[in-house]
Amino acid sequence: MKARAFEYVRASSLQDAFEAFARVSGDCCYLAGGQSLVPSLSLRLQAPAMLIDISRIDELRGITLADDMLRIGALTRHAEMLTSPEIARHAPLLQLAAPHVAHPAIRNRGTIGGAIALADPAAEFPAVTLALDAEFEIAGPEGLRRVRAEGFFKGLYETALEPGEILTAIRIPPFRAGDRAVFDELARRRGDYAIVGAGIQGRVAGDRIESLRIAFLSVGPAPIRARHAEAAVAGHALSPAVIAGAQAALERDLDPAEDPQTSPAMRLHLARVLLGRLLGRLGEHPACKGAHA
Amino acid sequence: MSSRIAVAVTVNGQAISAFVEPRTSLADFLRNDLGLTGTHLGCEMGVCGACLVLLDGKAVHACLMYAVQADGQTVQTVEGLSESRAIADIQQVFHERNALQCGFCTSGMLVTAHEFLSKCQDPSRAEIRDALSGNYCRCTGYEAIVDAIAETARGRADRAGIPSQAEQAAKSDAEETPS
Amino acid sequence: MTGSLGPLDRPNTYIGRSVSRPNAKRLLAGRGRYVTDLQLPRMLHAAFVRSPYAHASIASIDISQAASAPGVHLVATGADLAKLCKPWVGTLDHFSGMKSPPQQPLAVGKVVWAGQPIVAVVADTRAQAEDAAELVVVDFEELETVADIDAARAQGSPLINPEIGGNVSFHLKVESGSIDEAFRAAPAIVESTYLFGRHTAVTLEPRAIIADYDPSEERLTVHHATQTPYQFQDIYSRHYGLREARVRVVAPDIGGSFGMKLHVYHEDMAVVGLSIMTGRPVKFVADRMESFVSDIHARDHRVSARMAIDADGTIRGMDVNDVTAIGAFSSYPRTSVVEGNQVIRLIGAPYRFRNYRADLDVVFQNKVQTSQYRAVGHPIACAVTETLVDHAARNLGLDPFEIRRRNIITQDMYPYTSPTGYKFERLSHEACLEKLYALMDYPRLRREQAALREKGIYRGIGIALFVEITNPSPAFYGVGGARISAQDGAIVKITPSGEVHCLISVGEHGQGTETIIGQIVADQLGVDCEAVRVFTGDTDVTPHGGANWACRGAGIGGETALQAARALKRNVLAVAAAILQARSETLDMRGGQVVDAESGNARIDLAEIARIAYFRSDTLPHDVSPQLTASHHFAPKGFPFAFTNGVQACHVEVDVETGFVEIKKFWVVEDCGRIINPMLVEEQVRGGVVQGLGAAFFEECLYSDNGQLQNGSLADYLVPMAGEMPDIEIAHVETPTRDTELGAKGCGEAGTAAASAAAMNAVNDAISPLGASISQIPMTPQRLLRALGHA
């Protein structure tokens, strides 16, 4: 299980990275945390001619609040989602999802930018960005553009990133008073890819859910927003009937695939159970407190 | 064949300069080039935890990075952590409690335990089990490892004179119970 | 405690003490020396081209590009190795009528499982060997795959081994008493069909081997991560036509074995040939992906069983049919039918009913070989028996403890011969059952369960009795013609400074063999444990023996060490008697000294005896010739096996909406005879239980219809991890075997033997109020949801 040979360059700036990318003929990958890319190369599922190491580019670091948006640099490690006071305050849903992301040592090295760019349908952070209504900063040789999470995830490992582009940051509308966030997933073992998982961020007015965004992982080729379920809840108090309506609506939202361990019907069933439990918690708990199991 | 690249890395306190193939993992570099065979390979895909080392003080899988990526950084392996006695108390309790059998997972367990105990001084058994979620052991059934980490935490707290959660709870129970 | 300690009841005895393992310190410091770690001068690395098909004929192989790739020294095909290596056949004479085809190191002409090695590439580095392996072109013609046990036996099924003329390797029928009569008149019958998934050992250190052939001396040294170095010395010698005395197999530190590392693997045999062909050391370490498709798998049984019961819960008889699929051929040299044989012979073992019938069919299919893995057959026999007992209890409204009390073999019945012919010297079911009842506070758990059910929380309690086979005599393999030793040998010597070396054929893989052997030797020679050094695992150094399998290290190895130490003690005391002009019967060895046996007064230091014996023998009388080295070989001679027993209990909570199960707690009461080191026994049991719980809830090799393993990576094959495993409380009952002085039996497989049965009973106890039941392991959320009628 040794990777095929490849060339390696370390970029010191975005410009540097783009130039390296332009020079290579043949397959080329950017390397950040490498927690998914390296095993893929070891298994020889991928064999790029060159890796461009972008892990030391300062422009990709830092967590800041500016222009009423929380900006999380793409190289921010998963572990920082658990320890950063800015994230705890302004994007608690990320903090709630983080303990479910693989294991401690993977979280020490994996980056949020890498997780988003890979767009694994079973990964926590891509789904969570949908619930957060995040947008992504993308840099290319031609300059910077922004893409909303909604339009970013296009299919199985398919995103709006064009060849050579680098995802530089995630921008998130900050959590406000009255917002609530819950996340949970059903994984066979702690840290496994979940059979199904979901993150919800909602705004509460009195006992009514004014608006909410529900995003699922592991129930389709890409992270999925459950719009029908959202519609069944928005504007209502969280009664058992409303929750049941949202659970029923999931059938129209999700597109679970067959795999050797789990039938589509089972995934849908589990998604409904999970949604019911999460909505229950959304109703019960003050903002984000105790929301992860 | 790709050309070799110069790497300067501090391993267990020693400055190492080497030329490595980019495809050489940090684990293979440590094991084959530096003879630091205490870092083990169990899956080469970041699942088993046998290859954990400290990179700039943080636990990482040596199979999930290339040696060239460690350029300019510091690496500590189980050999270095043993020689510096940074994990001497953990090792001693592991020994007394028989928290290892074949020993192949042990280096990774020690690295996890070391990092975990530096962040969590008074862990519950559930927290310890959670921290070990990425370390596979086929021999022990984990309980002895959980015991050993809990015991190390108690030992450290005792030496620092800090009562544990359990002790505090017991104390407050005792205070609340009229005798 | 039963049985007196007798001659083991020595002052300050080490036997029965929880001594920590001296060799563990080295492993804790990262100073282990596993085969994976070894680098020899001029060592080359092997990689294999493997079959992508489960069943195909090989039309052609083109190695030309690979042979000229950078770093490559040799590219060898099946035909090349067949010129050097005599084929092997995995059958044994005592399994009458069993069939299996001859095997070669690399595929010749056809492939019979996906992952079978076809071409070996030897290069300077493993990466280069893998690069070149990608350049080998093999032209296959795909054949119809047999991936199912029923399809394998169907009329007109494609034949995996046409030379055998069928896909059935072995059939066995066992019958005793009047089974039809027992069922005809039975007031109640319970029955079920069980599926036991294929799983595999997943040792953390994968298989690893370095073969180092020196053509100048025609000498082969193999550094091999194996449980059985002596067996492999014999095999490499015979199959490669080398003189046995020039074949050395060294087993250094081993990263887990569990029965997986004692079978002949095609790659391992090939590596020996590759070293002979290159005249250089060749290393092969299976990577994890290779492990999944080439290590032995285990289980894969479908058992239909029924039990006849009287109205009072007395079991009248059992009728069983077991079909097991073993892969494309039977493994060598132990065969792949032992598991099935043990399943049908162990079913019902704790109980005293006499009417029994079982049929076993062992079937070929296009998958990797299955063979012996920890607790061979036991988990299946135990789960079938114990779940039917619980089923009967539920039907009759009896408590699970009560129905067992009414049926177990009682103390007054020993020695007892089971309907399947197993002879039990003495077991302790009653004591174990009652001890468990108290240990787990059973009534409290039942009250809690009832209270929680009111709240919609479904907890379950499951218990399972087990009987384990340990200390096998030659009845296990030797009688079938296998060159697998049932005896072990030890050499014990006093060093010139009065310390002790023990060289013994049983080996160390982390279970603590070296520690307990050291304890026994130290105990018998009256020296400090620290003064004893134990050597294992080198056929040039340690005596020939069976080494490690079927839980024989403590029982057979321990007795060997004990007898060798006693022989040495007699020699030491003879020298001491000469020096002291005393009678040796009046002397004893204690505290590193020869003492007066009666008063305990010190007479002479062991070091002084050694000094005189080694350096000043001139001062001894003429007729005294000190023999400070003694050896002893021991094989069991009384009962063919030393059976152990015990009982396990599992407490679970089933989330009936998701099918997820939380294992809350686990208990074991076990009786492995004399306990040499309680801590090590308990850790063997805990590790074994967790492997059993892995099988119960997580582990399964999932195959597609065309014979492809679909979850062959450590990310996809779910091994038990710390977060999902419970704390395990253990208690002991001690019934020493009287066949040996030591009285020890095995304990390494006891945990695995009953864990899945206890778990299955617990889950069924939890979901039975919902009218649901499950009889398949692993009990995955999918299967539980199906059982609960959800999906």
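**Interfaces between chains and domains**

C:Asp37 and B:Arg31 join their side chains in a salt bridge, with 2.9 Å from N to O. The model is predicted. The salt bridge of C:Asp37 and B:Arg31 belongs to an interface where 47 residues of chain B touch 56 residues of chain C. The points below treat that interface, then the one between chain A and chain C, and lastly the domains of chain A.

**Chain B and chain C**

- About 4,100 Å² is buried between chain B and chain C, and carbon and sulfur atoms account for 54% of it.
- On the side of chain B, the residues that lose the most area to chain C are B:His95, B:Tyr136 and B:Arg138, which together make up 20% of what that side buries.
- Seven salt bridges are counted between chain B and chain C, and the interface also holds 32 residue pairs in polar contact, both residues being at pLDDT 80 or more.
- Six helices of chain B each give two or more residues to the side that touches chain C: H1 (26-33), H2 (78-83), H3 (88-97), H4 (106-119), H5 (125-131) and H6 (143-160).
- Of these elements, H3(B) gives the most, with five residues.
- Sorted by class, the side of chain B that touches chain C consists of 19 nonpolar, 17 polar and 11 charged residues.

**Chain A and chain C**

- In the contact between these chains, chain A takes part with 21 residues and chain C with 30 residues.
- The buried area between chain A and chain C is about 2,200 Å², with 56% of it coming from carbon and sulfur atoms.
- A:Met1, A:Arg188 and A:Arg189 supply 33% of the area that chain A buries against chain C, more than any other three residues.
- Six salt bridges are counted between chain A and chain C.
- A salt bridge links the side chains of A:Arg44 and C:Glu130, at 3.7 Å from N to O.
- Across the interface of chain A and chain C there are 13 residue pairs in polar contact, both residues being at pLDDT 80 or more.
- Helix H12 (residues 264-284) of chain A gives the most to the side of chain A that touches chain C, namely five residues.
- That side of chain A is made up of nine nonpolar, four polar and eight charged residues.

**Domains within chain A**

- The domain assignment divides chain A into domain 1 (7-53), domain 2 (59-172) and domain 3 (179-288).
- Taken over C-alpha atoms, the centres of domain 1 and domain 2 of chain A lie 19 Å apart.
- Between them, domain 1 and domain 2 of chain A bury about 1,000 Å², of which 73% is on carbon and sulfur atoms.
- A:Leu14, A:Phe18 and A:Gln35 are the residues of domain 1 that lose the most area to domain 2, together 54% of what that side buries.

Terms used
Residues numbered from 1 in each chain as written. Chains lettered and ligands numbered in written order. Predicted model: local features only at pLDDT ≥ 70, side-chain atom pairs only at ≥ 80, totals over all residues. Heavy atoms only, no water. Domains from an automatic or database assignment. Buried area = accessible area lost by both parts, 1.4 Å probe. Contact = heavy atoms within 4.5 Å. Salt bridge = Lys/Arg side-chain N within 4 Å of Asp/Glu carboxyl O. Polar contact = N/O pair within 3.5 Å; in protein donor to acceptor, adjacent residues only side chain to side chain. Helix = DSSP H or I, 4+ residues; strand = E, 2+ residues; numbered from the N terminus. Nonpolar A, V, L, I, M, F, W, Y, C, P; charged D, E, K, R; others polar.
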